[in-house]
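Please work through the following exercises with the sequence and the coordinates at hand. Each task is followed by a solution in steps.

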Amino acid sequence: MTAVFDADDYAHMADAIQMARLGLYTADPNPRVGCVIVQDGAVVGRGFHRKAGELHAEPRALLEAGARARGATAYVTLEPCAHHGRTGPCADALIQAGIARVVYAGDDPNPLVHGAGAQRLREAGVRVESGLLSAVAETLNPGFFKRHRAGLPYVRVKVATSLDGRTALANGRSQWLTGAAARADVQRLRARSSAVLSGASTVDRDDARLTVRDASLDLAGRRPLRVVLDPQLIVKPTARLFTEEGPVLLITGSTDPQKVTALKAAGAEVVPRPVDEVRDLSAVLRYLAARDVNEVLVEAGPRLAGSFIEAGLVDEFLLYIAPHMLGHDGAPLAMLPMLDELGDRWNFRFSDVTRVGEDLRLTLVPLPKESR
């Protein structure tokens with residue numbers, strides 16, 4: 001039977017979703033989850049999952065609620081877990097606290113949890129209802145859901161471009177194409193990502209660091225994985241990539257022992273793969289998903305950006321447009337095959353258009369093939 005929710009239920013779940021957002025930069029690779037406990041119409045406890053290994057949202061909210069949790073309703077943005085990981089099962093914590101009713105947004109896609117948490121609660125006599133604001137709650141964790149459902153992370157491709165669609169001058173210079181506000185916005189994108197991915201040519205040319213450098217963003221010690229696709233190991237051990245705190249993963253087709261040794265000494269994790277696999281972006285993404293990577297931010301040159309688009313592996317395309325022109329000899333925003341028919345073009349829909357400082361940020365979602 002479909003649950004019927006009232007205005008108070010919606011308000012409390014919306015509150016729980018806001019709590020979950022507090023873990024946007026820190027909870028990865030775990031899902032961002034919020035919990036609100038309500039007794040007789042009053043909120044008695046709130047909690048969110050801050051960091052892997054720390055308390056989940058439900059136990060945090062229960063700590064705040066204390067004895068007032070008995071007979072109360074818990075609103076949770078994801079099905080309470082029922083397995084032992086780094087912490088105990090949240091379903092058991094809710095039962096032991098005497099929670100009478102649990103309302104959660106959507107089922108956990110993790111096969112270790114899926115349905116088991118709700119079943120354990122019901123078996124203990126707790127009234128369980130689900131489906132409240134599930135679509136909104138899922139947007140908090142697009143990569144977590146995609147990784148468990150499809151074995152792939154959620155991929156955002158970010159490109160900064162001029163009005164005439166150029167990402168750099170003909171001589172390769174591109175700093176700074178966009179303004180300070182847009183660059184700060186990109187720092188937030190990096191901060192929420194599990195991994196920032198680029199190509200070796202871009203890293204080598206720009207001496208890119210791919211780090212989160214906004215000190216105002218509290219990552220609770222977490223650093224996104226920096227992934228470089230480097231078929232021939234052209235990245236130098238002296239690159240700035242290795243002078244910054246945080247893990248670096250080089251995926252390469254090279255087995256040159258001297259280069260591998262030097263890069264490992266610089267701090268890189270070097271993962272050898274057949275060259276064809278390094279260039280197979282789907283295989284790369286599946287490998288990253290197997291390492292619990294939920295969200296990938298691709299910051300690369302036009303060739304690699306175009307390859308992700310052509311392969312149909314982009315979930316969101318983020319285009320920062322600066323109000324100037326660089327000329328027709330500049331680098332394009334993406335290198336894609338020449339088309340003879342308009343019907344073969346790559347189509348997107350705008351999901352958001354926002355002014356960021358003096359620039360525009362366009363968020364686009366690729367349309368499925370049948371919509372072209």
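The exercises below concern a predicted model and treat a pocket, an aromatic pair and several salt bridges.

**Exercise 1. The second largest pocket**

Task: State the volume of the second largest pocket, describe its lining by residue class, and identify the residues that lie nearest its centre.

Solution:
- Step 1. The volume of this pocket is about 710 Å³.
- Step 2. Its lining comprises 26 residues, and those nearest the centre are Thr139, Pro142, Arg156, Arg192 and Glu316.
- Step 3. Two or more lining residues come from each of the helices α5 (134–138), α6 (142–150) and α7 (180–192), and likewise from each of the strands β6 (154–161), β13 (316–321), β15 (348–356) and β16 (359–366).
- Step 4. Sorted by class, the lining has 12 charged, 11 nonpolar and 3 polar residues.
- Step 5. Arg156, Arg192 and Glu316 also belong to a network of salt bridges, together with Arg32 and Glu295.

**Exercise 2. An aromatic pair**

Task: Classify the ring pair formed by Phe144 and Phe145, and decide whether these residues are buried or exposed.

Solution:
- Step 1. Two quantities describe a pair of aromatic rings: how far apart the centres are and the angle between the planes.
- Step 2. The structure has 2 aromatic pairs. For Phe144 and Phe145, the ring centres are 6.2 Å apart and the planes stand at 85°, so the arrangement is edge-to-face.
- Step 3. Phe144 and Phe145 are both buried.

**Exercise 3. Salt bridges and accessibility**

Task: Give the number of salt bridges in the structure, then examine the pairs Arg50 and Glu54, Arg188 and Asp185, and Arg273 and Glu277.

Solution:
- Step 1. Oppositely charged side chains can pair when their charged atoms come close. The total for this structure is 28 salt bridges.
- Step 2. Arg50 and Glu54 form a salt bridge with an N to O distance of 2.8 Å. Arg50 has 28% relative accessibility and therefore counts as partly exposed; Glu54, at 23%, is also partly exposed.
- Step 3. Arg188 and Asp185 form a salt bridge at 3.2 Å, N to O. Both residues lie in helix α7, separated by 3 residues, about one turn of the helix. Because the cut-off for buried is under 20% relative accessible area, Asp185 at 10% is buried, whereas Arg188 at 32% is partly exposed.
- Step 4. In the salt bridge of Arg273 with Glu277, the closest N and O atoms are 3.6 Å apart. Arg273 is partly exposed at 29% relative accessible area, and Glu277 is partly exposed at 35%.

Definitions and conventions. Residues numbered from 1 in each chain as written. Predicted model: local features only at pLDDT ≥ 70, side-chain atom pairs only at ≥ 80, totals over all residues. Heavy atoms only, no water. 1 Å grid on protein atoms, 1.4 Å probe; cavity = no way out; pocket = protein on both sides within 12 Å on 5 of 7 lines; lining within 4 Å. Points joined across faces, edges and corners; volume = space filled by probe spheres on them. Helix = DSSP H or I, 4+ residues; strand = E, 2+ residues; numbered from the N terminus. Nonpolar A, V, L, I, M, F, W, Y, C, P; charged D, E, K, R; others polar. Phe/Tyr/Trp six-rings, centres within 6.5 Å; stacked < 30°, edge-to-face > 60°. Buried < 20%, exposed > 50% of the residue type's maximum accessible area, 1.4 Å probe, protein only. Salt bridge = Lys/Arg side-chain N within 4 Å of Asp/Glu carboxyl O.
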